[in-house]
Amino acid sequence: MNDVVNHPSHYTDGKIEVITYIDDKNFNYCRGNAIKYISRAGKKNPEKEIEDLEKAKWYIHHEIERLQKLKAQKIKDQKIKEKASKRAKESWTELPKTITRFNGEEYNPVLDDEEQK
């Protein structure tokens with residue numbers, strides 16, 4: 001019996017239902033839809049086999065673009081972090097090695113209180 005709402009035949013013709021596979025693999029929306037359209041290509045409507053594959057291609061392309069943007073953002077964030085770290089180190093080296101406290105004692109901010117003695 002074909003349950004067109006809960007278990008359509010074009011998704012249940014193999015050993016595992018497509019949604020079960022997508023859930024098991026924890027695919028995101030785009031990857032899941034690509035799997036869905038590839039799995040049903042030519043089965044739901046034989047006249048739309050190419051259209052289903054084109055839809056799968058669209059979702060795969062969209063996922064690739066998302067990953068490329070994410071990778072570019074990570075690279076940008078890393079460069080900003082490195083630049084900030086470099087600036088912090090440069091500005092730290094510009095500080096005096098010791099600071100004179102109000103009571104006239106010399107204090108090195110890099111050393112802890114035990115090392116000061």
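A residue counts as buried when its relative accessible area is under 20%, as exposed when that area is over 50%, and as partly exposed in between. In this predicted model, K55 has a relative accessibility of 29% and therefore counts as partly exposed. E51, at 36%, is partly exposed by the same rule.

These two residues are paired. E51 forms a salt bridge with K55, with 3.3 Å between the closest N and O atoms. Both residues belong to helix 3 and are four residues apart, about one turn of the helix.

The model has five salt bridges. Another of them joins R66 to E63, with an N to O distance of 2.8 Å. R66 and E63 also sit in helix 3, and because they are three residues apart, about one helical turn separates them.

The side chains of D52 and R40 meet at 3.3 Å, N to O. D52 lies in helix 3, which covers residues 49-94, and R40 lies in helix 2, residues 29-40, so the contact ties together parts that are twelve residues apart in sequence. Both D52 and R40 are buried.

Note on methods:
Residues numbered from 1 in each chain as written. Predicted model: local features only at pLDDT ≥ 70, side-chain atom pairs only at ≥ 80, totals over all residues. Heavy atoms only, no water. Salt bridge = Lys/Arg side-chain N within 4 Å of Asp/Glu carboxyl O. Helix = DSSP H or I, 4+ residues; strand = E, 2+ residues; numbered from the N terminus. Buried < 20%, exposed > 50% of the residue type's maximum accessible area, 1.4 Å probe, protein only.
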